Amino acid sequence: MKKNRLGSGMVAALLAALCFVCDGCANENVARLEGTMAGMEATDTLLLIDVLNEQRPLVSIEVKDGKITPKELAVDYPIVVVLQPRNRAINLLPFVLEPGTIVIEGDIANPYSLKVSGTPLNEEWQEMEKMAKTLEAPKDVDENTVVDMPTLMANFTSAVREKILAHKDDVLGFFLYVEYREAFDAETQMELVTALADRWTGNDVFDQLANSVKNQSSTSAGAMFTDFEAEYEGKVQRLSDYVGKGNYVLVDFWASWCGPCRQEIPNLIEAYERYKDKGLVVLGVATWDKPEDTKKAIAELQIPYPQIMNAQKAGSDAYGIEGIPEIILFAPDGTIVARHLRGSAIGYQLREVYGE
């Protein structure tokens, strides 16, 4: 099950979190952290990080012989946090810092093993995480048993959708959308963004995602292409230099540093060699990449088809692309035939349009 753990590009001011250490204060808005953390030094420290507010450390928490020294913090409203061992680039799974006693069980050797319980939003979050793990590797399944993954996936997305709508006004609903949005089709994504809009419009992260969903919706199959341009070494290139000129055009938004992108290159070269005599144009769009690195990768991979160099965010913004590679087939008139093509789906789609 693919999820969207927040990376540096998504770290932004979701909440202006007002938290401070609260030693023994009598306040109903107090979060108490306790529990265990295996795999640490006899005496060690965890940093509590506000992951959606520029990775801002909130407080340090001592761990002695695997036991977390209880820490109380005042919380004006729930926020999303992670624990990070001091001086180590490891983030454990995120959880909600909210009023109540939050019980933590984890192991530094396995950052994905974190279990958090004891407070309402965390209990609901753990419920979703448990369902997600059944999609990654269903347990207790006899080798002769056929696992109905489409049904499991449909049940999961339905449950997450309901949870997001139920929590559209708090951080759990928003963060579940961030985590699992790629599991939803375009129509459901638009529904969820619309539901979240009243509470979250004006938030940098939400506005970025909402704009992406809008652009994805306007550039889905059947829509006319959206043009963009990029400049490199004094030359301006546009998508319209290739698309809408009377031929099918297979466009690959990629980057030299992207492993999955490089894995798709042989499929694209094969498509180019097989259909170029029938008029197929294959085009690379260098996305979020340094031109010198793009040129080096083109030589290494022996890519024979043209490139729009130094596109950076121009193409990804126009098409609401959040992850690459993104491979799109355009019809001769510029209409979008299909998006999200990968692997064998590329050949299948081309055989369809060329009548093979």
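Is Trp288 buried, partly exposed or exposed, and what is its relative accessible area? Trp288 is partly exposed, with a relative accessible area of 27%, where buried means under 20% relative accessible area, exposed means over 50% and partly exposed lies in between (1.4 Å probe, protein chains only). The model is a predicted one, in which local features need pLDDT of at least 70 and side-chain atom pairs count only at pLDDT 80 or more, while totals for chains, interfaces and linings use all residues. Residues are numbered from 1 along each chain as its sequence is written, and side-chain values use heavy atoms, with hydrogens and water left out.

An open sheet of 5 strands has the order 14-13-12-15-16 with mixed pairing; helices (H or I, at least four residues) and strands (E, at least two) are DSSP runs numbered from the N terminus, and two strands pair if DSSP finds at least two bridges between them. Strand 14 (307-308) and strand 16 (336-338) stand at the edges, each with a single partner strand, so one side of each has no neighbour in the sheet. Strand 13 (residues 281-286) pairs with strand 14 in the parallel sense over 2 bridges, and Val285 has Ile308 of strand 14 as its bridge partner.

Helix 7 (residues 291-301) lies across strand 12 (249-254), strand 13 and strand 14, running at about 120° to strand 12, where axes are lines fitted to C-alpha atoms, for helices over the stretch in contact, and angles run from 0 to 180 degrees between N-to-C directions. Helix 9 (residues 344-353) packs on the sheet, touching strand 12, strand 15 (326-330) and strand 16, and its direction makes about 0° with that of strand 15; contact here means heavy atoms within 4.5 Å.

Leaving aside neighbours within four places in sequence, Leu250 is in contact with residues including Leu268, Val282, Ile328 and Leu350.

Most residues other than glycine have a negative phi, and most peptide bonds are trans. Trp288, in the loop between strand 13 and helix 7, has a positive phi of about 55° although it is not a glycine. Gln302, in the loop between helix 7 and strand 14, likewise has a positive phi, near 55°, and is exposed, with a relative accessible area of 65%. A cis peptide bond with omega of about 5° joins Ile324 and Pro325.
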